[in-house]
Amino acid sequence: MELLFSEAYVEDMSFYVGREASKLWKRFCAETITEINLLAENWKYILGGLICQYIHGLAARGVHYFHRPGPILQDAGFFLLPELGQDKAYVSEFVFTSIFLSFVLWTFHPFILKSKKIYTVLIWCRVLACLVACQILRIITFYSTQLPGPNYHCREGSKFATLPRPDNMLEVLLIVPRGVLFGCGDLIFSSHMIFSLVFVRTYHKYGTQRFLKQCAWLTVVIQSLLIIASRKHYTVDVVVAWYTVNLVVFFIEKKLPELPDRSGAAALLLPLSKDNKTKEGVNPKLFNGHSGDSAADRRPRTQINGKILEDGNVVHVEAVINTL
């Protein structure tokens, strides 16, 4: 009897797993098509943002050639926070990596989860715009005044404190991991804080879990303290990052059109016509930043069995993809 029960249980589980796997694959394919269409329209913004990340890396490496080690400046944060030491310098990097990877994974959750609020391509267009604006201000700032670096490899006596004169242009244009980890001179303001604050602010606005939002902000505060305790930045670098990044993101969000919300039913019931075909869940009017309301859109509609009746005409709904 127990054997028959176990066999039936295994068969039911196999059927359930197979059915859910099929739904997940269909959802993934549908989302992939949608994101590819969005990428085809917005690839210039994505490419431009990535190129600016490279330019920011070049600027940070370039200022290293001008860095001159010297006595560590007097700093209130250094006085209040005990020094972690070189053997524990990885702690702040671990926290930053956790924030970075968590945000990247969250931006791709529409490919897997049924409940979704964002489009991956559109959210990264927004994030890159904020990053680029902050990094431009950062480049102007750390090239204006070069401070002696407080990090261990930037102090007097370290072989990484200064860079020798480059032999060719390739040496300048090639960004190596060692140069990223052992950079000096690019202090005001903290690049780690730029990424962390932009990511957390974006999740705070478009995320759905209140508890995770609170944890994210707490993690950024902890990271700020760890950066100072690790002597990777002066306290002013972190403080300036806090108000500069928040102000920049605030003003950019005022200028950019709002993202279409796909969490509600209104985002799913989008009519199709020969003259105006829309991609899955994307209304062109909403994408351009307009509300999309018109006299025709405010006409009474009735939903029946996956269709919408509008003035006696049956209009199919794209929402069938999201029901998988």
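Mentor: Buried means under 20% relative accessible area, exposed means over 50%, and partly exposed covers what lies in between (1.4 Å probe, protein chains only). The model is predicted: local features need pLDDT of at least 70 and side-chain atom pairs count only at pLDDT 80 or more, while totals for chains, interfaces and linings use all residues. Residues are numbered from 1 along each chain as its sequence is written, and side-chain values use heavy atoms, with hydrogens and water left out.

Trainee: What makes arginine 138 buried or exposed?

Mentor: Arginine 138 has 1% relative accessibility, and because the limit for a buried residue is under 20%, arginine 138 counts as buried. In the protein chain, buried residues make up 39% of the 324 residues.

Trainee: Why is the contact between aspartate 186 and arginine 138 called a salt bridge?

Mentor: The term asks for a side-chain nitrogen of Lys or Arg within 4 Å of a carboxyl oxygen of Asp or Glu, and the side chains of aspartate 186 and arginine 138 meet at 3.2 Å, N to O. This pair links distant parts of the chain, with aspartate 186 in the loop between α6 (177-181) and α7 (191-206) and arginine 138 in helix α4 (residues 120-144), 48 residues apart. Aspartate 186, at 16% relative accessibility, counts as buried. The structure holds seven salt bridges, and Arg201, Lys205, Glu253 and Glu258 are linked in a network of them.

Trainee: How do you know that lysine 232 and glutamate 93 form a salt bridge, and where in the chain do they lie?

Mentor: Their closest N and O atoms are 3.1 Å apart, which meets the limit because that limit is within 4 Å. Lysine 232 lies in the loop between α8 (210-229) and α9 (235-255), whereas glutamate 93 is in helix α3 (residues 90-107), 139 residues apart. Lysine 232 is buried, with a relative accessible area of 16%, but glutamate 93 counts as partly exposed at 27% relative accessibility.

Trainee: What makes aspartate 87 buried or exposed?

Mentor: Aspartate 87 has 55% relative accessibility and therefore counts as exposed, whereas lysine 88, at 40%, counts as partly exposed. The side chains of aspartate 87 and lysine 88 meet in a salt bridge, at 3.5 Å from N to O.

Trainee: Which elements are called helices and strands here, and how many are there?

Mentor: They are DSSP runs numbered from the N terminus, H or I with at least four residues for helices and E with at least two for strands, and on that basis the protein chain has 10 helices and three strands.

Trainee: Which residues does phenylalanine 199 touch?

Mentor: With contact meaning heavy atoms within 4.5 Å, phenylalanine 199 touches Ile99, Phe100, Phe103, Trp124, Val127 and Leu131, not counting residues up to four places away in sequence. Phe199 is also one of the α7 residues that meet α3, where Ile99, Phe100 and Phe103 are among the partners.
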